[in-house]
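Subject: Structure for you to look at

Dear colleague,

I am handing over the structure below, and I would be glad if you could read the notes that follow with the model open beside them.

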Amino acid sequence: MKILVLIGNVPDTTTKIKFNADQTGIDTAGVQWIINPWDEFALTRAMELKEAYAGAISSVVVANVGSSQTEPTLRKALAVGADKAIRIDAEAKDAFFVATQLAQIAGEYELILAGIEASDYNGSAVGGMLAELLDRSSVSAVTGLDLKDDKLLVTREIDGGNQHLLCTTPLLAIVQKGIAKEVRIPAMRGIMMARTKPLEVIAPVESSYATSIQKLELPPTKAACKMVAEDNVKELVRLLKEEAKVL
Amino acid sequence: MNFELTEEQLMIQQAARDYAQRELIQDVLERDANATFPAKHVKALAELGFMGMMVDPKYNGGGMDTISYVLAMEELSKIDASMSVIVSVNNSLVCYGLDKYGDEFQKENFLKPLASGEKIGAFLLSEPEAGSDATSQRTIAEDKGDHYLVNGTKNWITNANSASTYILIAQTDPAKKHKGITAFVLDKNSPGISLGPHEDKMGMRSSDTHSVMFTDVKVPKENRIGEEGFGFTFAMKILEGGRIGIAAQALGLASGALERAVAYAKERKAFGTAIANHQAIAFKLSDMAVKVENARNLCLKAAWLKDKGEAFGVASAMAKQYAADIAMEVTTEAVQIHGGYGYVKEYHVERLMREAKLTQIYEGTSEIQKIVISRSLLR
Amino acid sequence: MSILIYTENWDGKFKKVSFELASYAAALAEQTGKQAIAVSLGEVENSELEKLGQYGIGKIVTAQDKRFATLDNKAITKAIAAAAKQVQAEVIILSHDNLGKAIAPRLAIRCNAGLVTAVTGLPESLNPFIVHKNVFTGKAIAHIKIEKEVKVLTLAYNSFGLNEKHSSVEITSFDPDLTDSDFSMEVLDTTKVTGKVLLNEADIVVSGGRGMKSADNWYLIEELAEELGAATACSRPVSDEGWRPHDEHVGQTGKIISPNLYFAFGISGAIQHLGGVSSSKVIVAVNKDPEAPIFEAADYGITGDALKVLPELIQAVKDTKNQ
């Protein structure tokens, strides 16, 4: 079985967001880029599976749509243990565009893993779109994924519970926190090995955008916090009830 | 000139940073309070390859350059200098010494498990009567034909108890003074070795420091590093490289304190505004930042020279003296910026200040570095 | 042309999110002069379906097929797309919950539509069609234009609220044209959380951080939650320590929630945590560090030890109830 992990390149989660001049994107000066945290969970689980089922899983490949600036992120994925990286050389502007690009390479992988969300535009969209483009089954909010003979044992969160499923391949699994143990820090050995692993760059196919960002703005600033004395908890309850009207 | 780090160097820096900020931070206060050895972190950092970063991969090392090592040391030291001194001793004293001067037998048997971090090492040079002045070694290794018989005492030995492998500097021919000094590699478990009590230190409290006593300890001939009489040159060469590690440690203490001071100054309010908006604080931060940047450049320059195979002894002395001295200044200022909070352990900066003090003392005091630097000027 | 919502049912019952979706669709229908229609999949009795009429839904198309209970994403997508075609839906709206998030992107491809997820309100304009959503986990708001004729949206929780507007309901069934091969997953078992308020749907959330000191003190969080009918949550260090399960972690890499009232006990308010809770209507913070960043995000605050404040707060809530 070959596994494909979709990798997004996003600003570090502690980044203070500043906008570009026309307010349609962020000012990327000084931004540190990381693997989208949910995609990193997916990658970690893929590595765990490959270690546990060396015979059944032949390779783990990571793919991304982005400019050459996203290569450090892919190289990190290689250092963590992925066998190969593919970069589709185009700016990732919209989920539809990204999914159509990935569709050209994704079909051959029996299992595709995607993160449930991206910490930049919080789209939750690429994985599902890709599954539909490939006309394959998808499961979302996956918190457990394991091999069972030639099938996949999946645990997913449903709204108000959990479900165990037995799925056949090909499958696209959209994963969330809990899927993997701790995310991995690349080891020196892995960093060395990444030097010789392939990072393939592919030209984009003709596609279009389904959405566009017109404007970004900062959320309205909150009024100052109203402090209540520690020994006057009753007053807090009164304020919540009478002033905020939320109790 | 090129000040850009490679993608790989950035990845190593980030890896060290991630480990420090995610893992070391968790129990650093507790280990400082109880002076407990960070065994699980040594194991984890070994698995990541940080215990033998610069050793040739064929001896289980990471095959990375000295610049990467400086970057890693800085990141680890921002959070936990006790851990980083263990890394530093193992990398730049023990592994470096064996990698550069050991023979094939020694590399196979001693270097491999040290470079993989499966075992850790200690470097035994200082003596009760010979700290900065390494020429007057009192520990004697007497030639007994197929082995040496070692007697004497070593002091202030980092990793003394947790190490499995010792690199020992001892006198084989007292008449020849420093030209009669020889280096050895040996097992800590060799009969006749005993440890003094755990030193109760001011800082770096989670690394273990002891004196080590040798009483009729037999050391096989094949454990001698280089020829008889090579020991002093060996020790001086190793310390040249070791200084880069401690300089980077001091740098990390300073830059870690600066990061905390900046964050605190933006958060803490006084007279109706963040204290960072008061020039008294802002200018302090500015002075600290310049010092940190200077120290970083000195460290990287020394590492760069070493990586190019050029002489780096003076550069590493400059880096160590300057970084150690500004580490003391910057951590002290960070405590000052934190005010009362800076004086309590929860805010970390008082610990960084205690730890910074040692960087001015060990692996050559600031004064010794000035001797090295001034001699090179006056030669 | 119409506005179509997909109303999920759980064991034949709708939840509050479906009624919020209905309220939103009714408002959008009024704005656009179109009809608000709901599609319901699986077995739901007419008396339950009619409840959607209380929130302005005039027409419901249903496919009473029990196979939908397996929540097969591909099959549900096909079925909604079939309904959308039948009612000529121009805007299709789903809840931004686990199922909605899973279906909406597939549906957008299938209907050749443009997708915006976690929309926080009615469109800013209809032509061009521009909606707002939170991005960078609450650190910014984006105005997004959909370039396609057909639009698929998911609506962020608790962003619109309920709006009663009585309407008579016409219920018709439709044929989603599915075969057994469209249902490819085998459900081994389903565990439903019962008797507990769900985090995503809760009006009030009581959350604890490292300042709670240990897992043993969590009974205080639970007791207050019970008094308020609230869900419980935690910060990342707490779930990392294993004090609480991962599914209670709110914040940037955990759940993103928007209750009416969020209590943060002993949570310092790292930027990653705030990202997950900043769209809560009212935030109450209790922290012993007066400089903790959580107070920047909070509406009401107490400087103090969470372990001391909690018992008093529980008592104060009990007292108000008894009044």
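For burial, a residue is called buried if 20 or more other C-beta atoms lie within 10 Å of its own, and exposed if 12 or fewer do. Please bear in mind throughout that this is a predicted model.

By that cut-off C:T137 is buried, because 24 other C-beta atoms lie within 10 Å. C:T137 sits in the loop between β9 and β10 (140-146) of chain C, and its phi is near 45°, a positive value in a residue other than glycine. C:D177 also has a positive phi without being glycine, near 60°, and is placed in the loop between β12 (170-173) and β13 of chain C. Is C:D177 buried or exposed? C:D177 counts as exposed, because it has 10 C-beta neighbours inside 10 Å.

Chain C also contains a cis peptide bond, which joins C:N127 and C:P128 with omega at about 0°; C:P128 belongs to the loop between β8 (125-126) and β9 (129-135) of chain C. In chain A, the peptide bond from A:T169 to A:P170 is cis, with omega near 0°, and A:P170 lies in the loop that runs between β9 and β10 of chain A.

Strand β7 (residues 137-148) of chain A pairs with strand β10 (residues 171-175) of chain A in the parallel sense, over four bridges, and A:V142 stands opposite A:V175 in β10(A). With strand β8 (residues 151-158) of chain A, β7(A) pairs in the antiparallel sense over six bridges, where A:G144 stands opposite A:T155 in β8(A). β7(A) and β8(A) form a hairpin with two residues between them, and A:D149 in the turn has a positive phi of about 55°.

Strand pairing also links two chains: strand β9 (residues 161-167) of chain A pairs with strand β13 (residues 186-192) of chain C in the antiparallel sense, over six bridges, and A:H164 stands opposite C:D189 in β13(C). The contact takes 77 residues from chain C and 64 residues from chain A. On the side of chain C that touches chain A, helix α4 (residues 98-110) of chain C gives the most, with 10 residues, and by class that side has 37 nonpolar, 24 polar and 16 charged residues.

Turning to chain B, its secondary structure comes to 10 helices and 10 strands. Its radius of gyration is 21 Å, close to the 21 Å that the globule rule gives for 379 residues, so chain B is as compact as a globular protein of that length. Taken along the principal axes, its C-alpha atoms fill a box of roughly 80 × 45 × 40 Å. Of the 379 residues of chain B, 54% count as buried, and residues 24 or more positions apart account for 74% of its contacts with a separation of 6 or more.

Within chain B, helix α5 (residues 104-115) spans only 15 Å between its end C-alpha atoms, whereas a straight helix of 12 residues would span 16 Å at 1.5 Å a residue. The buried residues of α5(B) are B:Q106, B:F110, B:L111, B:P113, B:L114 and B:A115, and what covers them includes α4 (81-101), β1 (121-124) and β4 (165-171) of chain B. α5(B) is followed by B:G117, whose phi is positive, near 80°.

With best wishes

Technical notes. Residues numbered from 1 in each chain as written. Chains lettered and ligands numbered in written order. Predicted model: local features only at pLDDT ≥ 70, side-chain atom pairs only at ≥ 80, totals over all residues. Pairing = 2+ DSSP bridges. Rg over C-alpha atoms; globule rule 2.2 N^0.38 Å. Contact = placed C-beta atoms within 7 Å. Nonpolar A, V, L, I, M, F, W, Y, C, P; charged D, E, K, R; others polar. Expected span 1.5 Å × (residues − 1).
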